[in-house]
Amino acid sequence: MTLAIETIDLTHRYKKLIALDRLNLQVEQGCIYGFIGPNGAGKTTTLRIVAGLLQPTKGEVRLLGERLTTRTAQRLVGYMPDFFGVYDDLRVWEYLDFFARCYGLRGSRLRQVVNELLDLVDLSEKRHAFVQTLSRGMQQRLCLAHALVHDPPILLLDEPASGLDPRARVELRELLRTLRDMGKTIMLSSHILSELAEVCDAIGIIDHGRMVLSGSLAEVQQQLATGSRARIRIARTDDVGLAMTLLQRQSLVRTVSATPADPRSLTVEFNEPPSEIQCAVLLAELIGAGVAVSEFSTRSENLEELFLRLTTQAAK
Ligand SMILES: Nc1ncnc2c1ncn2[C@@H]1O[C@H](COP(=O)(O)OP(=O)(O)OP(=O)(O)O)[C@@H](O)[C@H]1O
């Protein structure tokens, strides 16, 4: 397995604030890696370090096996920040032409690269438009083209989907898949898990500067299976206390909680997904004890709920 990006005990302090706390992450070559965490988790700090723009306080970064230096980062990484930095009154082609020239491209090679990139991000028809007149989705794609001018094998995209409407998000996802098929490794960040989950091959969830869960999408989904829950509705308020006591005694039950706005609605979290027969036994026990159950439904935690649970746990 070739790793495109590896961080080893990466630590970063802003004065007293520990933004990254011995962060270990591994991104395999040729994959789309979703780097997910709530606001302030440390995503931008990590991406800026990996892009060679910020010196870490401690720890190590390797890019395709090479130790990170400003030069390696410049050669191997294309970075798209979470803000759109443009010079007004530039046309789309001039914008790319400018950055391609910064990388030393000239003449027919320069024209070829600009044309190919405009084609790739589907902006050929907008080549003469002023950049400030582009939609948010188009600006995002233009920024992506900018990050690609020197044809880097690794792309770091900070919050690429933020502010995009559903159609622009679909277009972005398609573009990311095309780039992966071209052999690029893509690491992208988001604080909204569902924005990214379906396009990612692997996911890392960061909170308070630490990795709280990482792995292939299949491995993360495996974790989801342990987050099965049941919702039980009790018909009489008087029965709620007894129902909670009975449920808490069950070995397969991890927690039981009442919904604050609706105390007769209980959420049961299981240690592992219960079988149908285990659910039936649980229900029979409640009814046998005289608890009037009006609803019983089981379901698996979705990715968003898993994310919230993991990041809340880490905050405790
Ligand atoms: N230049 C800075 N000086 C001081 N503190 C900073 C600086 N940049 C970031 N921080 C702090 O470091 C922590 C991590 O910030 P970072 O921007 O890396 O998080 P993030 O996950 O990208 O958040 P967001 O999703 O809000 O962009 C936060 O507590 C933030 O306030």
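This is a predicted model: local features need pLDDT of at least 70, side-chain atom pairs count only at pLDDT 80 or more; totals for chains, interfaces and linings use all residues.

Begin by selecting helix α6, residues 166–181, whose 16 residues should span 22 Å at 1.5 Å a residue, and whose end C-alpha atoms are 23 Å apart, which agrees. Within α6, colour Leu-172, Leu-176 and Leu-179, which are buried. They cover an arc of only 60 degrees around the axis, which puts them on the same side of α6. An α-helix has 3.6 residues a turn, so residues three or four places apart point the same way. Now turn to the face of α6 that looks away from its buried side, where you will find the exposed residues Pro-166, Arg-167, Glu-174, Thr-178 and Asp-181. To see what covers the buried residues of α6, show β3 (32–36), α5, β7 (154–157) and β8 (185–190), which are among the covering elements. After α6 comes Gly-183, which has a positive phi near 100 degrees.

Next select α5, residues 136–147, a helix that is mostly covered, with 9 of its 12 residues buried. The buried residues include Leu-142, Cys-143 and Leu-144, and the buried residues of α5 pack against β6 (77–80), α3 (92–102), α4, β7 and α6.

Finally, select Thr-133, which sits in the loop between α4 (107–120) and α5. Is Thr-133 buried or exposed? Thr-133 counts as exposed because it has 11 C-beta neighbours inside 10 Å, and the cut-off for exposed is 12 or fewer. If you also select Ala-243, you will find it 110 residues from Thr-133 in sequence and 60 Å away in space, C-alpha to C-alpha.

Methods. Residues are numbered from 1 along each chain as its sequence is written. Helices (H or I, at least four residues) and strands (E, at least two) are DSSP runs, numbered from the N terminus. A residue is buried if 20 or more other C-beta atoms lie within 10 Å of its own, exposed if 12 or fewer, and partly exposed in between; C-beta atoms are placed from the backbone. The expected span of a helix is 1.5 Å times one less than its number of residues. The arc is that of the directions from the helix axis to the C-beta atoms. Two residues are in contact if their C-beta atoms, placed from the backbone, lie within 7 Å.
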